[in-house]
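Please read it alongside the sequence and the model.

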Amino acid sequence: MATASGEAFVQALLDDLSARIVLSLSPFTAALERALDAGIEPQDMGGVGSAPPGFDTTLAAADLTPAMKAALQAVAPALRWIPVLSQHPSVPPALSAGLQAGLVLGGAGAFTHHGPDTIRAGFFHLAPNLHYPLHSHEAVEFYRCLSGRVEIQHGILGEANPLLPGQLSVTPPNRVHALTTGPEGALLLFAWIGDVDQPIYWWEADAAGTWRRTRWIRGVSRVWERQEAEIVPPALLAAQA
């Protein structure tokens, strides 16, 4: 697995974001530039998981520049695909099985870099007809849709908006958001920057209207594992409207 393919992936992602001239993307471009400057190298995470069904075909059909398509296809064989969520009685099996990440940079990804551990980037595959409920995390997140369609809701009372191929979405830190796919599912590029190993919180209201958030932490396998729940403080809930 050549270092050059990892560098090409980061450079292609950087070029794609830089061309958009969107202020909210500047933290991501800065983080990618720092990773390139620090030096990128392969890492062996002990086995390559199988890609989701249709991944190669979907990637080949994505509307990308030739340079970006070549860079994404070059790293694809080295990806270690893992489920995003651990299996848990409270999580529908289709959801546990239907969210898959192919991490390229950082963490358990195919490549690492010598700078601070503040970035994750790779592919996020969502199976058809899934709903990933309201959740929040410390890291800032962006998605770039490669194929399919995903509806993204920001805020407890927010309306869901479609993310289509070629479009981007940025989620600020600690902002609740939910994802829903249709019959095609979706393939996204993603990046997290900031404190990338802080817990995720799932938000849900019970029949009485009381909101709770459930804590999820990364396990040894790097999959998110469910922990305890807590009532959301009123001030925190008000900020998520």
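A residue is called buried when its relative accessible area is under 20%, exposed when it is over 50%, and partly exposed in between (1.4 Å probe, protein chains only). By that rule, 47% of the 241 residues of the protein chain count as buried. The model is predicted: local features need pLDDT of at least 70, side-chain atom pairs count only at pLDDT 80 or more, and totals for chains, interfaces and linings use all residues. Residues are numbered from 1 along each chain as its sequence is written, and side-chain values use heavy atoms, with hydrogens and water left out.

**Overall form**

- The protein chain has 6 helices and 13 strands, where helices (H or I, at least four residues) and strands (E, at least two) are DSSP runs numbered from the N terminus.
- Its radius of gyration is 17 Å, close to the 18 Å that the globule rule gives for 241 residues, so the chain is as compact as a globular protein of that length.
- The radius of gyration is taken over C-alpha atoms, and the globule rule is 2.2 Å times the number of residues to the power 0.38.
- Along the principal axes, the C-alpha atoms of the protein chain fill a box of roughly 55 × 35 × 35 Å.
- Of the contacts (heavy atoms within 4.5 Å) between residues at least 6 apart in sequence, 67% join residues at least 24 apart.

**Nonpolar cores**

- A nonpolar core is a set of buried Ala, Val, Leu, Ile, Met, Phe, Trp, Tyr and Cys residues joined through side-chain atoms within 4.5 Å.
- The largest nonpolar core has 38 residues, and the members that touch the most others are Phe-9, Leu-13, Phe-28, Leu-72, Phe-123, Leu-146 and Leu-189.
- At least two residues of this core come from each of helices H1 (3–18), H2 (26–38), H3 (55–61) and H4 (66–75), and from each of strands S3 (99–105), S5 (119–126), S7 (140–154) and S10 (177–193).
- H1 gives the most to this core, with 6 residues.
- A second, separate core has 27 residues, including Val-84, Leu-85, Leu-103 and Leu-130.

**Packing of H1 on H4**

- The axes of H1 and H4 are 8 Å apart and the helices pack at an angle of about 140°; axes are lines fitted to C-alpha atoms, for helices over the stretch in contact, and angles run from 0 to 180 degrees between N-to-C directions.
- The crossing of H1 and H4 is left-handed, meaning that the near helix is turned anticlockwise from the far one by less than a right angle, whereas clockwise would be right-handed.
- H1 contributes Ser-5, Gly-6, Ala-8, Phe-9, Ala-12, Leu-13 and Asp-16, which meet Met-68, Ala-71, Leu-72, Ala-74 and Val-75 of H4.
- This contact has 9 nonpolar, 2 polar and 1 charged residues, with Ala, Val, Leu, Ile, Met, Phe, Trp, Tyr, Cys and Pro taken as nonpolar, Asp, Glu, Lys and Arg as charged, and the others, Gly among them, as polar.

**Buried residues** (contacts leave out neighbours within four places in sequence)

- Phe-9 is in contact with Ala-71, Leu-72, Val-75, Val-104, Ala-121, Gly-122 and Leu-189.
- Val-10 is in helix H1 and is buried at 1% relative accessibility; its contacts are Leu-32, Leu-36, Ile-40 and Leu-105.
- Leu-189 is in strand S10 and is buried, with a relative accessible area of 1%.
- Leu-189 touches residues that include Phe-9, Leu-13, Met-68, Leu-72, Phe-123 and Leu-146.
- The C-alpha atoms of Leu-189 and Leu-103 are 9.8 Å apart, while the two residues are 86 apart along the chain.
- His-125 in strand S5 is buried, with a relative accessible area of 15%, and its contacts include Pro-52, Pro-53, Trp-81, Ala-186 and Leu-187.

**Exposed residues and backbone exceptions**

- Most residues other than glycine have a negative phi.
- Ile-21 has a positive phi of about 50° although it is not a glycine; it is found in the loop between H1 and H2 and is exposed, with a relative accessible area of 77%.
- Asn-129 also has a positive phi, near 55°, and lies in the loop between S5 and strand S6 (131–137), exposed at 57% relative accessibility.
- Pro-93 lies in helix H5 (residues 93–98) and counts as exposed at 70% relative accessibility.
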